[in-house]
Amino acid sequence: MIITTTNRIEGRQITEYLGVVSAESVHGINVVRDFFTGVRDFFFFFSKTLERALKEARAEVTDEIRDRAQHLQADAIVGLNFEISMPSGRGGMLVVFVTGTAVRLN
């Protein structure tokens with residue numbers, strides 16, 4: 001399955017739009033870990049903990065949206081868009097939401 005952030009796939013024609021597909025992932029981030037992440041961010045300007053959580057969440061939603069598109073018998077997902085938020089501020093949750101359009105190609 002082709003998954004792309006663009007609205008078309010070079011060399012392929014979209015023959016049918018099957019609809020919008022989406023997936024979401026919510027990751028809890030340990031408060032103690034968050035404290036040390038903040039310290040690390042302050043001194044090193046980089047957070048391995050948040051980076052790891054983000055990579056895991058992004059992989060989860062990509063797998064899930066692929067499964068949902070395959071259920072529709074899609075050949076591709078176009079216009080993929082990731083949204084990332086931390087609704088509780090510096091601690092607690094990381095939310096990753098992805099949407100795209102499932103399509104059939106010729």
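In the predicted model, Thr4 is placed in the loop that runs between strand 1 (2-3) and strand 2 (14-29). Thr4 has a relative accessible area of 16% and therefore counts as buried, the limit being under 20%. The side chain of Thr4 is in polar contact with the side chain of Thr6, at 2.9 Å. Beyond residues up to four places away in sequence, Thr4 touches Ile9, Ile77, Val78, Gly79 and Leu80.

One of these partners, Ile77, is among the residues with the most contacts inside the largest nonpolar core, together with Ile65 and Val98. This core has 14 residues. At least two residues of the core come from each of strand 2, helix 2, strand 3 (76-85) and strand 4. The greatest contribution is that of helix 2, with 5 residues. Another core, of 6 residues, lies apart from the largest one and includes Ile9, Ile14, Ala76 and Leu105. Ile9, a member of this other core, is also touched by Thr4.

When neighbours within four places in sequence are left aside, the contacts of Ile77 are with Met1, Ile2, Ile3, Thr4, Val21, Ile65, Arg66, Ala69, Gly100 and Thr101. Within this list, Ile65 is likewise named among the residues with the most contacts inside the largest core.

The search for salt bridges over the whole structure returned 4. One of them joins the side chains of Glu16 and Arg104, with an N to O distance of 2.7 Å. This pair links distant parts of the chain, since Glu16 belongs to strand 2 and Arg104 to strand 4 (residues 92-105), 88 residues apart. Glu16 is partly exposed at 36% relative accessibility. Arg104, with a relative accessible area of 23%, is also partly exposed, because this value falls between the limits of 20% and 50%.

Lys55 is paired with Glu51, and their closest N and O atoms are 3.4 Å apart. Arg68 is paired with Glu64, the closest N and O atoms being 2.2 Å apart. Arg68 is partly exposed, with a relative accessible area of 33%, and Glu64 is partly exposed at 27% relative accessibility.

At the level of the protein chain, the secondary structure consists of 2 helices and 4 strands. Their order along the sequence is β-β-α-α-β-β. The protein chain has 106 residues, of which 31% count as buried. Of the contacts in the chain between residues at least 6 apart in sequence, 75% join residues at least 24 apart. The accessible surface of the protein chain is about 6,700 Å², and carbon and sulfur atoms account for 55% of this area.

Terms used. Residues are numbered from 1 along each chain as its sequence is written. This is a predicted model: local features need pLDDT of at least 70, side-chain atom pairs count only at pLDDT 80 or more; totals for chains, interfaces and linings use all residues. Side-chain values use heavy atoms; hydrogens and water are left out. Buried means under 20% relative accessible area, exposed over 50%, partly exposed in between (1.4 Å probe, protein chains only). A polar contact is a pair of N or O atoms within 3.5 Å; within protein, one must be able to donate a hydrogen and the other to accept it, and residues adjacent in sequence count only if both atoms are side-chain atoms. Contact means heavy atoms within 4.5 Å. A nonpolar core is a set of buried Ala, Val, Leu, Ile, Met, Phe, Trp, Tyr and Cys residues joined through side-chain atoms within 4.5 Å. Accessible areas come from the Shrake-Rupley method with a 1.4 Å probe; for residues, only the protein chains shown count as cover.
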